[in-house]
Amino acid sequence: MKHPDKKVLLEMFSTMTKIRLFETELQKFFAAGKIPGFVHLYLGEEAVATGACAALKKTDMITSTHRGHGHCLAKGGDLKLMMAEIYGRSTGYCKGKGGSMHIADFNIGILGANGIVGGGGPLAVGAALSCQYKDNKGVCACFFGDGASNQGTTQEALNMASAWKLPVVFINENNGYGISCAQHRAMAITDIADRAAGYDMPGVVVDGNDVLAVYEAVTEAVERARKGHGPSLVECKTYRWRGHFEGDACVYRSEQELEEWKAKDPLPRFAAKLVDAGMATQAELDAITAKVTADVAEAVKFAEESPFPTEADLLEDVYA
């Protein structure tokens with residue numbers, strides 16, 4: 001497989017940095033009581049969304065999860081509109097009515113984050129069916145967690161996509177826990193990708209903290225889907241640094257486990273790889289980080305200065 005050029009690699013670094021800094025700010029502001037509702041952070045998993053979405057075209061689609069900020073940003077979501085939405089402001093993607101778990105932008109293929117565990121699979125199958133019907137060579141990527149892999153909706157989606165050879169790439173973000181339940185307590189297999197064999201589709205396991213490994217695996221699956229050869233299942237082994245939600249006491253896992261995974265932090269790991277390979281200098285990476293830092297700060301300012309929806313807006317946009 002042809003490796004991505006320098007421009008794409010630097011875009012990947014920028015995206016991973018954007019997700020990291022965006023989520024870090026949300027962690028801080030949620031704790032300060034500035035953000036309403038629930039927030040599920042993507043910290044530690046940045047390489048999965050970044051590598052997967054880098055393999056997609058703007059016209060391709062994704063279905064997301066309750067932990068969806070990373071997916072939205074990696075697919076090209078606007079920082080300001082996302083921040084405003086999470087703040088519950090009228091200038092947000094969904095006019096402040098969707099919040100953290102329901103961001104969508106059909107213009108760039110984001111079909112929506114989803115508060116229902118396993119809710120994205122059937123949506124992805126429907127989107128892929130539309131691509132097949134229109135014969136437009138489009139692909140839909142379906143992100144789902146290890147917990148969602150046990151849901152009937154996910155199994156039905158895998159089955160239908162395989163039976164109809166639909167252009168879906170199922171991307172399992174296996175962070176080891178479904179809420180507070182460790183994977184080994186909920187399933188008898190180690191690799192969720194093994195389930196692909198039951199649906200006669202390729203199933204591969206990749207290091208979800210290696211953005212290039214994710215990119216290569218998803219690129220191969222996307223190319224297969226575009227050719228009409230049907231779906232694939234890519235399992236990305238990763239880890240969430242924060243609890244299931246902000247405020248989760250995380251009594252179900254050890255500090256040692258967390259520190260072991262933090263030692264495999266995908267961001268400095270990728271930065272070191274770029275510098276060592278001569279694809280970027282540290283100064284170039286520092287400049288990207290500074291730019292993203294300023295952009296995130298600007299998004300926070302935009303959100304905090306934006307108005308809340310009014311009572312008169314309550315019943316607007318309820319129906320299409």
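A cavity is a set of points, on a 1 Å grid over the protein atoms alone, where a 1.4 Å probe fits but cannot get out. This structure holds one cavity of 30 Å³ or more. The model is predicted: local features need pLDDT of at least 70, side-chain atom pairs count only at pLDDT 80 or more, and totals for chains, interfaces and linings use all residues. Residues are numbered from 1 along each chain as its sequence is written, and side-chain values use heavy atoms, without hydrogens and water.

**Cavity**
- The largest cavity has a volume of about 40 Å³, taken as the space filled by probe spheres set on the points.
- Its lining (residues with an atom within 4 Å of a point) consists of Asn209, Asp210, Val211, Pro266, Arg269, Phe270 and Lys273.
- Helix α10 (residues 266–276) gives the most to this lining, with four residues.
- Helices are DSSP runs (H or I, at least four residues), numbered from the N terminus.

**Helix packing**
- The axes of α2 (residues 46–54) and α8 (residues 211–226) come within 7 Å and cross at roughly 35°.
- Axes are lines fitted to C-alpha atoms over the stretch in contact, with angles from 0 to 180 degrees between N-to-C directions.
- Ala47, Val48, Thr50, Gly51, Ala52 and Ala54 of α2 meet Val211, Val214, Tyr215 and Val218 of α8; contact means heavy atoms within 4.5 Å.

**Salt bridges**
- The whole structure has 18 salt bridges, each a side-chain nitrogen of Lys or Arg within 4 Å of a carboxyl oxygen of Asp or Glu.
- One joins Lys28 to Glu25, with the closest N and O atoms 3.1 Å apart.
- Both residues lie in helix α1 (residues 6–31), three residues apart, about one turn of the helix.

Notes: Helices (H or I, at least four residues) and strands (E, at least two) are DSSP runs, numbered from the N terminus. On a 1 Å grid over the protein atoms alone, a cavity is a set of points where a 1.4 Å probe fits but cannot get out, and a pocket is an open set with protein on both sides within 12 Å along at least five of seven lines; lining residues have an atom within 4 Å of a point.
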